[in-house]
Amino acid sequence: MEFIKSLLSFLLKLILVLILVGTAGVAILAFFLKKDVDEIKEFTEKLKHELEAENN
């Protein structure tokens, strides 16, 4: 019985740690993706202004 309790305790701690690590990983990934999206928006705005300048 003691073995089962310790095993369940270990599994719950492992799941908790995996959830925390996964959450941190998702947050970091979202940060980098947002940064890339902002760079793409900036590039397209710059390109749009250059094309408008050429057409005028």
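The chain contains one helix and zero strands. In this predicted model, helix α1 spans residues 2-55. The C-alpha atoms occupy a box of roughly 80 × 10 × 5 Å along the principal axes. The radius of gyration of the chain is 24 Å, whereas a compact globule of 56 residues would have a value near 10 Å.

Buried residues account for 0% of the 56 residues in the chain. The accessible surface amounts to about 5500 Å², and carbon and sulfur atoms contribute 74% of this area. On this surface, a nonpolar patch of about 960 Å² is formed by Met 1, Phe 3, Ile 4, Leu 7, Leu 8, Phe 10, Leu 11, Leu 14 and Leu 18. One of these patch residues, Leu 8, is located in helix α1.

Aromatic contacts were then considered. A pair of aromatic rings is described by the distance of the centres and the angle of the planes. A search of the whole structure identified one aromatic pair. The pair consists of Phe 31 and Phe 32, with ring centres 5.6 Å apart and planes at 70°; the arrangement is therefore edge-to-face, since plane angles over 60 degrees are assigned to that class. The two partners fall into separate accessibility classes: Phe 31 has a relative accessibility of 52% and thus counts as exposed, while Phe 32, with a relative accessible area of 46%, is partly exposed.

Technical notes
Residues numbered from 1 in each chain as written. Predicted model: local features only at pLDDT ≥ 70, side-chain atom pairs only at ≥ 80, totals over all residues. Heavy atoms only, no water. Patch = residues over 30% accessible without salt bridge, like charges linked within 9 Å, V, L, I, M, F, W, Y side chains within 5 Å. Areas by Shrake-Rupley, 256 points an atom, 1.4 Å probe, with all protein chains shown as cover. Salt bridge = Lys/Arg side-chain N within 4 Å of Asp/Glu carboxyl O. Helix = DSSP H or I, 4+ residues; strand = E, 2+ residues; numbered from the N terminus. Phe/Tyr/Trp six-rings, centres within 6.5 Å; stacked < 30°, edge-to-face > 60°. Buried < 20%, exposed > 50% of the residue type's maximum accessible area, 1.4 Å probe, protein only. Rg over C-alpha atoms; globule rule 2.2 N^0.38 Å.
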